Amino acid sequence: EDGEIVVKFAHVVNATGHPKGVAADTLAGRVNDEMNGTMCMEVFPNSTLYDDDQVLEAMLQGDVQLAAPSLSKFETFTKVFRIFDLPFMFKNVDAVDAFQTSETGQAMKDSMQRRGLQGLQFWHNGMKQFSANVPLVSPADAQGLKFRVQPSDVLVAQMEALGASPQPMAFSEVYGALQTGVVDGQENTWSNIWGQKFFEVQDGTTETNHGIIDYLVVASVDWLDSLDPAVRDQFLTILEEVTVAGNAAVGDLDAQARQSILDAGGVIRELSDEERQAWVDVMKPVWEQFEGDVGADNIAAAQEINASM
Amino acid sequence: MSGQTDAAVSPLGRFVNALEEMVIAYILAAMTVITFVNVVLRYVFNHTILWGLEVTTILFAWLVLLGISYGFKRTAHLGVDAILNIVGPGPKRVMVLLSALACLVYGGLLMKGAWDYWAPFAGYQRTEGRIIPTGFDDRTRDQAFYHTEQVPVPFGGEFLAERFNMGESYDKLPRFIPYFVLPFGVALMLFRIIQATIGVLAGRRDSLIVSHEAEDAVAEARMAEN
Amino acid sequence: MQVVLLFTMVMGLLLIGTPIAVALGLSSIIFLLAFSDTSLASVAQSLYQAMEGHYTLLAIPFFILASSFMSTGGVAKRIIRFSIACVGHLRGGLAIAGVFACMIFAALSGSSPATVVAIGTIVIAAMKQAGYTKEFAAGVICNAGTLGILIPPSIVMVVYASATDVSVGRMFLAGVIPGLLAGFMLMVTIYVMAIVRDMPKGEWRGFGEIGASFLDALWGLMLIVIIMVGIYGIPGLTGAIFTPTEAAAVASVYAFVVAVFVYRDMGPLAARDGQGRKSLLQRPQALVTALFHRDTRNTLLDAARLTVMLMFIIANALILKHVLTDEQIPQSIARAMLDAGFGPIMFLVVVNVILLIGGQFMEPSGLIVIVAPLVFPIAIQLGIDPIHLGIIMVVNMEIGMITPPVGLNLFVTSGVAGMSMMAVVRAALPFLAVLFVFLIIVTYVPWLSTWLPTSRMGPEIITN
Ligand code: NA
Ligand code: NA
C-alpha cells in the first residue's frame, strides 16, 4: 500500500517445512499485522528472487532489504564466522545459542558494519551429520570418499583432514549426484537430510553432530539508518521475538526430521564416546589453521560455554 | 553469418574480426577443457580443481557478454520478420528504425545498470538518478573487498591490494575482475547498435535481425556437399 | 492489468522486428522502472548471473559444441548408412531410415534444427534420387528432426530444469519413452502411406552390410553409451561418472577426438588437395595443431555463436522472469485460475494452448524460461507431476518448430531442401497431425513420461 515501507525478504528454502522458511513467514505475518500502515513485508522463498550468492550484492545495491544466508556466505565480509564452521567447536545447539547471545556473539553481528551489513539475529538449522554410500563409523571410513561441501575454506580443510575429497556442487544437483554416485557423501542437518531426501540415496547417516548450520538475518546499514527509530525498534523487537520462538522450536523440528528418516526406513548410526572421539581427534587440528581468522579468545569463549553445558 | 556485414576491408577491421572470433571460440574451448579435466581428475584421481566450476561459469558469462556485440555486428540475433516481409519498403524502414531505437534505449539503460553494478566492486562511484545518470553518487560504498568464492589470484595480488583494497591483501580473486565484462561487453554492444543504426539510416542494412537461426549451418552444409 | 501492458509491449516490439532478446529485456526494464523501485543495477546483475549463477545452463554450450563436431565430423553420414542398412529395404524404407537416423542423431544432439541439418542434408537428396517427391522427403525430415529436443540429451529440457529446479537427469530419462513412441508413430505412418501410394523400396543388402555399417558408425554410436552410462551408471558395475552438465562437456571432447583423429573428415588429418587421409603416425604434430586448425576453430566459433544467440534470449527472459517474480504475478494468476475452479485437465489444455500460440512467435528456450515459472507453481498445486509437465512443454515446442510463422525446423528444412517455406509447411502437414495425436497421448497418459525416471530414480520430490 502507499506510504508503507516495503521490505523484501529473499531466501532459498521452502516456505513450509524448513525452519528458516517457517520463521520468515511468521515474521512477515507479524510485521504485516502489527505494523500495518507503516511497513509491509514480502517473502520470496526458493531462490525465486535471489539466491544466496546474489542476495548480499542486491542488498548492498538496495534491491532487497532482508536476507538470511548461511554463515559461510559471509566469508568475503568477515572471517570471524568461520568459528561456526570449525568441526566440533560447539557441543550442541544450546551451546551455539549461549555463545551467540553472549557479548562475544553479539559483537560478531557488528563485525560487518564497515562493509555495509548489519547482522540482526542468528537463526538455527541444527547440528550437521555425515552421510555416505558406505557405512561411516570410524574416520578412516571416510578416507578417499568424495563429499559434497559448501564452498568454504574451512569445510574444504575439514574434508582434507579426513582424507576425503571435497567437491563443490550446486545444492540442487546434490540428490542426483549422491544417487548416481558422482559424489559419495555429504554433510547436513537432520531437517535438510529429511527435506532433500538424501537418506534415500545413502547407505546411512552417522550421528556425528560435528558442526552446525546457522543463518544470520542481515540488513544493510544504509537501509536501517534510513528507518525512523521508532519503526526500526518495533521491527527489530518483532524480529527478536520471532527469533527466540523459532530457535526454541528448532530442537523439536530436528528431532521430528530424525524420527521421520527412521520411519521412512533410513539408517542412522549412533557413535559411542570412543568412536566419536576418533572423529574429533582427526578433525580438530583444523582449528589451528584458522585460529588467526576467528581469534583465539573466541575459541576459548566457545570452549568455556561447552564446559558449562 | 547470413545477415549483412560491414565489410571489413581495412587491415584493422580484419584484425578486429579475427580477434573477436578467436576470443569467443577459445573461451568456449577453455570452458570445455576445464570441465573435462575436472571430470577426469575426480573419477580417476579422486581430486578436484576447486576453482574449476566457478571459473567455467565466469567464462560462460564472458563468452555470452562479449558475443552479444559480435551478434549485433553480424546481424545474427534472432527476431520475428513475418511482418517485415509482408509490408512495403516504406513501412518496413519505419519499423526497422523503431526497433533500432528500441535497441539503443535498451543498450543505454543497460549501460547505466552495468556501470552502477560494477563500479562499487572496483571502488568507483555509481551514477545518481534512476533512469538518466545525473552525476556520481559520492555515498557509494566501496565494495572492493568483495571477492569470488574459490578463484585464486593468479598474479599481481600486491598491486590489486594496494590499488583497490586499501592495502588489505586478497586471498581470492576480487569480483570486480570477472564482473568487468559487464560494463565492457555492454559498451561494445551499445557501440555495435549505434553502428547498426547508422547502417540502417545510410541504407546499408535492412534490418537488425536474422530470423533464420540455422541458415548459416545450412549454407555451410551445402558447401561441404558440393 | 499491468501484466497485459507488459506482454503487449513484448509483442509490439517483436512484430516490428526487434531482436527477441531486446524485446524481452527492454519491456522488463521499462516495466521495472515504471512499477517498482528496483534499480537498473539489478537488471545488469540478472544479465550477468544468468550465466554465472545458473550451473545447469552450462550444458547448453557444451551440447551445442558436441553437436557441431558430430555434424561436421562425419558422424551423421555414418549413422545414415547404418539406418538404411537396417530398414531401407521396406516399402518407403529410405523415409523410414531417415526417421530412424533422426532418432539416433537426436540421442547425440540436444537440438532439433541441428538434427534436421545433420540428417536432412544427406537424406533428402538421397530420397529424391531414389524416386520420392521432394515434398514428401522434406515433410518427413522436418518432423522427425523435432525429436532432437524430445530424445535426450535436450537443450530445451536443460532450460526447463533450470527454470523450475527439477533434475536434468530425470527430465532426460522422461524423454526416452515418448521419444521412441513418437518416432515409432512417424515410421508407422510413413509405412502406411508408402503402401497406399506405392512408394519405392530399397534392396536388402544383408546382415553383412548391417554389421559393416554398424562398425563404421560405432565410434559415433559409442557417444550415446558414454552419455547414458556417464550420467546414470551401470548398476553393479560403476556409479555415475559425471553430472548431465559435465556429460555435455565430455561429449564435446569425445566428438572432437572422433571427428579429428578417428574419422578424419575434418582437421589436420583430413583428406585434401587430392591427398587421402593422413594417419597420426604420419603427422604426430596433429595432436597439437588439431586444437588450432581452421576446421576446429570454425566449429568452435559456430557453436559459440549459437550459444550467444540462445543465451542472449534466455538471459533476457530471466530478466523478465525476475520482473514477474518481483511483482508476484505467477501467484496472482495461479490464484485466479484456482478461484475459477480449473482442474488439472482444463489447466493442461490451457498450458497447451498458451504454448502452441507462444511457439508461433518465440524461440523454444526463451518461451520455456518465461512460461515454466508461470505455470509450474500452479501445476504443483494441482498435483501435476513436474516431470510430466516438462515433457508436455517439450512436445509443444516440437510442434511450434514446424508451424508457421516462426518455426526453426521449417526454416532449416526449406534451406536444406531448397523449397519455399510455404511448400515445406504443406509438406509437413500430414505428419504434423501425427504429432498432434502424440501430444494428446502424452498429455493424458502421464506414465509414459514418469514411469522410467520414477523406476530408475525413485519418486520425484518437490523441494528446493
Ligand atoms: Na536430443
Ligand atoms: Na511455430
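## Chain B as a whole

Chain B exposes about 10200 Å², and carbon and sulfur atoms supply 68% of that area. The model is a predicted one, and chain B averages a pLDDT of 86, with 89% of its residues scoring at least 70. Over residues 1-8 of chain B, however, the pLDDT is below 50, although this stretch has 24 contacts in the model beyond near neighbours in sequence. Where pLDDT is low, the predicted coordinates should not be read in detail.

Chain B contains eight helices and zero strands, so that its pattern, read along the sequence, is α-α-α-α-α-α-α-α. Of the 226 residues in chain B, 52% are buried. Among the contacts in chain B with a separation of 6 or more, 62% are between residues 24 or more positions apart.

## Where chain B meets chain C

The contact between these two chains takes 71 residues from chain B and 74 residues from chain C. The area buried between chain B and chain C is about 6300 Å², and carbon and sulfur atoms give 77% of it.

Across this interface of chain B and chain C, nine residue pairs are found in polar contact, both residues being at pLDDT 80 or more, and one salt bridge is found as well. That salt bridge is formed by R42(B) with E246(C), whose closest N and O atoms are 2.8 Å apart. On the side of chain B that touches chain C, the elements giving two or more residues are α1 (11-45), α2 (52-73), α3 (82-86), α4, α6 (176-179), α7 (181-201) and α8 (215-225) of chain B. Of these, α4(B) gives the most, with 15 residues.

## A buried threonine in a loop of chain B

T140(B) lies in the loop between α4 (89-118) and α5 (157-164) of chain B. Because its relative accessibility is 16%, which is under the 20% limit, T140(B) counts as buried.

Which backbone atom lies 2.5 Å from a polar atom of the side chain of T140(B)? It is the backbone oxygen of D137(B), while the backbone nitrogen of R126(B) lies 3.2 Å from a polar atom of the T140(B) side chain. When residues up to four places away in sequence are not counted, T140(B) touches P120(B), Y124(B), Q125(B) and R126(B).

## Backbone details in chain A

F88(A) lies in the loop between α3 (82-85) and α4 (93-101) of chain A, whereas N209(A) is found in strand β8, residues 204-220, of chain A. F88(A) is buried, with a relative accessible area of 10%, while N209(A) is partly exposed, with a relative accessible area of 22%.

In helix α6 of chain A, which covers residues 153-161, the buried residues include V154(A), L155(A), V156(A), A157(A), Q158(A) and M159(A). Following α6(A) is G163(A), whose phi is positive and near 75°.

## A cis peptide bond in chain C

In chain C, P152(C) and P153(C) are joined by a cis peptide bond, with an omega of about -5°. P153(C) is found in the loop between α8 (134-144) and α9 (155-164) of chain C.

Definitions and conventions. Residues numbered from 1 in each chain as written. Chains lettered and ligands numbered in written order. Heavy atoms only, no water. Helix = DSSP H or I, 4+ residues; strand = E, 2+ residues; numbered from the N terminus. Buried < 20%, exposed > 50% of the residue type's maximum accessible area, 1.4 Å probe, protein only. Polar contact = N/O pair within 3.5 Å; in protein donor to acceptor, adjacent residues only side chain to side chain. Contact = heavy atoms within 4.5 Å. pLDDT = per-residue confidence, 0-100. Areas by Shrake-Rupley, 256 points an atom, 1.4 Å probe, with all protein chains shown as cover. Buried area = accessible area lost by both parts, 1.4 Å probe. Salt bridge = Lys/Arg side-chain N within 4 Å of Asp/Glu carboxyl O.
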